[in-house]
Amino acid sequence: MTSPAETTEAPSQGSEAAPQALSPAERYAAIRERAREAYAAWNNPTIPRISIAEDTSSLAAGAGRTRQALERLVAERNAAVELGKVVGYGLQWLQPLADITWPDGTRVLYGPVTPQNVDSLLDEATGHLGAADAIAIGLLAGERVGLRPIAEHPFLALETKGRRLMGRLGYTDPTNLDHYVATDGYFAVARMLDRHQTPEQVRQTMIDGGLAGRGGAWFPAGVKWNFLAGAAVPERYLICNADEGDPGAWVNRVLLEGDPHDVIEGMIIAAFATGAQHGFLYIRNEYPLAIQRIRDAIRDAEAAGLLGKNILGTEFSCTLEVIRGAGAYVCGEETGLISSVQDGRGMPRVKPPFPAAAGVFMKPSNVNNVETYANVPLIMRNGGDWWRSAGTANDFGTKIFSFSGDIPFVGHMEVPFGVSLKRVLEVCGGTVAGLKAIQAGGPLAGYLPGRFIETLTLERQSFQPLGALMGGGGIVFVGHEACSIDLNVLYAEFVEEESCGRCTTCHGGNQRMHEIFRRIGDGGGRSEDRHNLERVGQSLQYSNCVHGQASPTIMRNTLRYFEAEYADHVAGTCEALRCAGLTRFRIVDQSDPKLADAQAICPTGAVVGSAGNRSIDDAACIRCGACTDLAPRAIARQAAPAGTEMPHRQPANPPGLGPAHGVVPLSWQAHALSRPEGAHGGPPPLINAALKG
Ligand SMILES: Cc1cc2nc3c(=O)[nH]c(=O)nc-3n(C[C@H](O)[C@H](O)[C@H](O)COP(=O)(O)O)c2cc1C
Ligand code: SF4
Ligand code: SF4
């Protein structure tokens, strides 16, 4: 793995600098010297340190409770350990993660660390070596008999170019500016200013490196920056698109929470290259921790003179500001986002004019994705040739992908473009019930049959000929327990609800698409539905933005690749027993003690009766499947004969109204894609064991 600390020489010391006017290099050197001391002390603490991974998915898996339990135990025992903070390493299914750093610099990663096993972790940290062996994952630094370096973990086997974007994750406290600076952070800014590089040179470096936007459209970043640099008016803005709305994608969140200064440094360089004075980081409201970390990082960088007025004592100034997103998918589209930044309704507008001509407040603006900006310091520091050394002939560099769905090992990794998706699935542990489909790139990008796993590679050109897109980095593996029509109901509902309403083709078309799929899933399929879906897909092409234009992609893929499954549904059969109108739930074992629990959690009270005499009321059952997930022996899914009752259906509840008994939209069913990351439970013993000895 490439450690960020291993890169490049120090910036040249400005020889003409007058003693009273320090050069950018001298100012940076002073900041870095202090930072290195602090980071060295962190890497070699005087007493052992236990650092908990505190990022959104780790916290969702209980990292907060783990920390509380650990704090209590440390106080009770008056133990000589300190507590610290890092972020996860990508192994989501093993969360909450934690590491121990010993004074000699040895650092070991553990997971899942729960309130139940923090005592063994504390024992391990305080001298009982081997006490936490059962949850040891791998070595982050140093040597330990019986443990192998984390880079050799089977899940990370495809990170063949090491971690570039994620190089600091697990190795630094993301809330500590010193850690960033000590690992070459802000070096690229300091050298750029010290060597009097011109904005043209910086833009050309991006073009030569071949940095393409990571938000899904893959437009060359340097070329886009040229548009802004050539704007006729001096007032211009930068925007970082951190809306990341694709279900199954958490790539940007990893960077925002795990290495916030890297994104900020990328924006500072972009501002210099384009002549922008102010930048907005538009972060979705659902990412409160990312918002907090970026805000804190901006504050710390400003206090250190690395951001704000007269950066590192030069004439160059750049300020950044966080905008909380409006919680709408379509606010990820750049013109919808710009409208939202201005406190307007998040509504994409007609292009041209493009943002480079008329962006925020009608001033020239540049929109790039989080990961695009995060690559910029890497390219500036190490050069375009180094950066291009990873990837394929068309897609350069590495990319972070998040992998979820019906796989045991949910997580994210940073791989060079071109990696085989089949190998990815292997390191993710395969699909629990066999691979039915691949859903890459969110609700606009596509739905491909599992057989394509043999040939698909993680690069744009691999997906395009199949009528799909790779998208921004979220890949969902769909197992055979899922139903394609049920998933289409979900996605059609999503694109309908997220339509901004500007175009009749989009808001009306997606309503029709949703209605048709929902009716088919309810058992009311008609022979003309296919024709009508195709007609709707054609008219959606005439929508204003890519949201409307691409919303029929999954429907088209389904009709093309899952034709038989579609026809079965129209004929009244859902083989996977997922579709509401074609499935019913029946109690098949009255003696199972879990039945009482299943009755208790049924959200609509559809499990009626008392012990030994329970039954399911079809008219109240919303087919959510929660009961059979909890009590699989007692409650079974069955094909519903024609005429089976269903609850009265109403449109999705207006904002502010919760689901009520019997009127819950049926497409709120629990299934693979709504499963939270890391929800597969405990550690897979095999992959854990594989690292030992
Ligand atoms: C409906 C819709 C949603 C989008 N969501 C995002 C998003 O969440 N993040 C993102 O970077 N780009 C998103 N995009 C693409 C942006 O419009 C834009 O192309 C991108 O932010 C440009 O950055 P890049 O050149 O660095 O990729 C979305 C586009 C559409 C049509
Ligand atoms: S295509 Fe849809 S989301 Fe885009 S502007 Fe039109 S209505 Fe809005
Ligand atoms: S499927 Fe859901 S609504 Fe129906 S009985 Fe089971 S828990 Fe209740």
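1. Ligand 2 has a shell of 6 nonpolar, 7 polar and 1 charged residues. Here Ala, Val, Leu, Ile, Met, Phe, Trp, Tyr, Cys and Pro count as nonpolar, Asp, Glu, Lys and Arg as charged, and the others, Gly among them, as polar. The shell holds 14 residues, of which Cys503, Cys506, Ser543, Cys545 and Gly548 are the closest; a residue is near a molecule if its C-beta atom, placed from the backbone, lies within 6 Å of it. Two or more of these residues come from each of α18 (504-521) and α20 (546-550). Helices (H or I, at least four residues) and strands (E, at least two) are DSSP runs, numbered from the N terminus.

2. This is a predicted model, in which local features need pLDDT of at least 70 and side-chain atom pairs count only at pLDDT 80 or more, while totals for chains, interfaces and linings use all residues. Residues are numbered from 1 along each chain as its sequence is written, and chains are lettered from A and ligands numbered from 1 in the order in which they are written.

3. On confidence, the mean pLDDT of the chain is 91, with 91% of the residues at 70 or more; pLDDT is the predictor's confidence in each residue, from 0 to 100. Residues 1-18 have pLDDT below 50, and beyond near neighbours in sequence this stretch makes 41 contacts in the model. Residues 653-693 are also below 50, with 82 contacts beyond near neighbours in sequence. A contact means that the C-beta atoms of two residues, placed from the backbone, lie within 7 Å.

4. The domain bounds, from an automatic or database domain assignment, are domain 1 (43-158), domain 2 (184-388), domain 3 (398-479), domain 4 (484-570) and domain 5 (582-674). Taken over C-alpha atoms, the centres of domain 1 and domain 4 are 47 Å apart.

5. Where does ligand 1 lie relative to the domains? Ligand 1 lies between domain 2 and domain 4, because both give residues to its shell. That shell has 22 residues, the closest being Gly213, Gly215, Gly332, Asn369 and Thr372. By class there are 7 nonpolar, 10 polar and 5 charged residues.

6. Leaving aside neighbours within four places in sequence, Ile268 contacts Val189, Leu307, Ile311 and Cys318.

7. The cut-offs, with C-beta atoms placed from the backbone, are 20 or more other C-beta atoms within 10 Å for buried, 12 or fewer for exposed, and partly exposed in between. Not counting residues up to four places away in sequence, Gly509 touches Val536, Ser539 and Leu540.

8. Gln538 lies in helix α19 (residues 529-540) and counts as exposed, because it has 12 C-beta neighbours inside 10 Å. Gln538 and Ala636 are 98 residues apart along the chain, and their C-alpha atoms are separated by 40 Å.
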